[in-house]
Amino acid sequence: MIIMIKKIVLVAMLLTSVQFMMAQNDVITGTIIDSETKDAVCGAVITMANNKVVTDIDGRFSIPSDNSRGTITCTYIGYKSLSIDVFKGQNLGVIEMKII
């Protein structure tokens with residue numbers, strides 16, 4: 001009986017970890033920089049559907065994606081807004097924003 005309980009607990013843990021790992025692929029990541037100075041743009045707003053995040057001090061962001069494809073919008077005061085087509089789990093790398 002104890003062995004059976006241990007097996008059930010082990011299977012439950014494995015299923016939970018697989019679900020957690022799959023959820024990691026639902027995130028779109030990238031870094032926003034100034035196109036002229038190449039400095040990080042801290043505080044830029046990244047929007048996708050009903051999700052909104054702000055870039056950190058290094059210009060990095062990570063935003064959840066509800067759909068397999070979509071569009072993110074990057075905005076920051078004094079910069080031209082960007083719209084980028086993306087897919088679930090995509091790493092956009094470095095995105096350059098231009099001053100208006």
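Modeller: Strand 1 pairs with strand 7 in the parallel sense, over 5 bridges. This is a predicted model. Within that pairing, aspartate 34 stands opposite methionine 97 of strand 7.

Now the other partner. Strand 1 covers residues 27-34 and runs antiparallel to strand 4, to which 5 bridges join it. Valine 27 stands opposite proline 64 in strand 4. Isoleucine 28 stands opposite isoleucine 63 in strand 4. In general, strands of a sheet pair through backbone hydrogen bonds, in either the parallel or the antiparallel sense.

How enclosed is strand 1? Of its 8 residues, 6 are buried, so the strand is largely enclosed by the rest of the structure. As a general point, side chains in a regular strand alternate between the two faces of the sheet.

Next, the core. The largest nonpolar core has 16 residues. Ile32, Ile46, Phe61, Ile63, Ile72 and Leu92 have the most contacts inside it. Strand 1, strand 2 (45-48), strand 4, strand 5 (69-75) and strand 7 each supply at least two residues of this core. The largest share, 3 residues, comes from strand 7.

Phenylalanine 61 deserves a look of its own. Leaving aside residues up to four places away in sequence, it touches Ile28, Thr29, Gly30, Thr31 and Ile32, among others.

Last, the setting. The protein has 1 helix and 7 strands. From the N terminus on, its elements run α-β-β-β-β-β-β-β. Buried residues make up 26% of the 100 residues. Among contacts with a separation of 6 or more, 45% join residues 24 or more positions apart. The accessible surface comes to about 7,000 Å², and 62% of that belongs to carbon and sulfur atoms.

To return to your strand: strand 1 has an antiparallel partner in strand 4 and a parallel partner in strand 7.

Notes:
Residues are numbered from 1 along each chain as its sequence is written. This is a predicted model: local features need pLDDT of at least 70, side-chain atom pairs count only at pLDDT 80 or more; totals for chains, interfaces and linings use all residues. Side-chain values use heavy atoms; hydrogens and water are left out. Two strands pair if DSSP finds at least two bridges between them. Helices (H or I, at least four residues) and strands (E, at least two) are DSSP runs, numbered from the N terminus. A nonpolar core is a set of buried Ala, Val, Leu, Ile, Met, Phe, Trp, Tyr and Cys residues joined through side-chain atoms within 4.5 Å. Buried means under 20% relative accessible area, exposed over 50%, partly exposed in between (1.4 Å probe, protein chains only). Contact means heavy atoms within 4.5 Å. Accessible areas come from the Shrake-Rupley method with a 1.4 Å probe; for residues, only the protein chains shown count as cover.
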